[in-house]
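Hi everyone, thanks for coming. Have a look at it first.

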Amino acid sequence: MAKADPNDPVNRGMLDEAVDTLLEGMDNLYERFKGEMNSLRSEMNTRFDNVEYRLSNVEVELSHVKDEVNGLKADLSTTPSRKDFEELKARVDKHHPLS
């Protein structure tokens with residue numbers, strides 16, 4: 001085959017063929033990219049669902065821990081309740097009034 005002279009004029013058919021080839025290549029690239037993006041989107045949704053599930057489990061576990069801590073605080077507290085304090089104050093005021 002003879003080598004084409006780079007200085008030869010280009011005709012309309014050659015330009016159309018070059019443009020069609022470029023557009024086909026771009027379409028192929030776009031379709032591959034779109035397929036990869038859909039795959040990536042699906043994988044990300046699956047992973048986000050897993051993270052969301054795990055976070056909801058952590059929230060439930062933390063609420064149980066919080067309830068246990070509050071229960072322990074109440075059990076171990078040396079501070080009287082408001083009701084107990086008011087009863088004691090009334091008894092003290094009855095026997096030792098300030099005025």
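Let's begin with a term we'll need throughout: a residue is buried when its relative accessible area is under 20%, exposed when it is over 50%, and partly exposed in between, using a 1.4 Å probe and protein chains only. Before we use it, a word on where this comes from: this is a predicted model, where local features need pLDDT of at least 70 and side-chain atom pairs count only at pLDDT 80 or more, while totals for chains, interfaces and linings use all residues. Residues are numbered from 1 along each chain as its sequence is written, and side-chain values use heavy atoms, with hydrogens and water left out.

Okay, salt bridges. Side chains of opposite charge can pair when their charged atoms come close. Here the rule is a side-chain nitrogen of Lys or Arg within 4 Å of a carboxyl oxygen of Asp or Glu. How many salt bridges does that rule give? The count is five, and I'll show you some of them.

Take Arg47, which is exposed because its relative accessibility is 53%. Arg47 pairs with Glu43, at 3.3 Å from N to O. Glu43 is partly exposed, at 41%. Both sit in helix H1, four residues apart, which is about one turn of the helix. By helix I mean a DSSP run of H or I with at least four residues (strands are E runs of at least two), numbered from the N terminus.

Helix H1 also holds Arg12 and Asp16, again four residues apart. Their closest N and O atoms are 3.6 Å apart. Is Arg12 buried or exposed? Exposed, because its relative accessibility is 65%, whereas Asp16, at 36%, is partly exposed.

Now hop over to helix H2, residues 82–95, where Lys89 and Asp93 lie about one turn apart. Their side chains meet in a salt bridge of 3.2 Å, N to O. Lys89 comes out at 40%, so we call it partly exposed, and Asp93 is partly exposed too, at 35%.

Last stop: a surface patch. Patches use residues with over 30% relative accessible area and no salt bridge, joining like charges within 9 Å and nonpolar side chains (Val, Leu, Ile, Met, Phe, Trp, Tyr) within 5 Å. Areas come from the Shrake-Rupley method with a 1.4 Å probe, and for residues only the protein chains shown count as cover. Tyr30, Phe33, Met37, Leu40, Met44 and Phe48 make a nonpolar patch of about 610 Å². Phe48 belongs to helix H1, residues 12–76, and it is exposed, at 51%.
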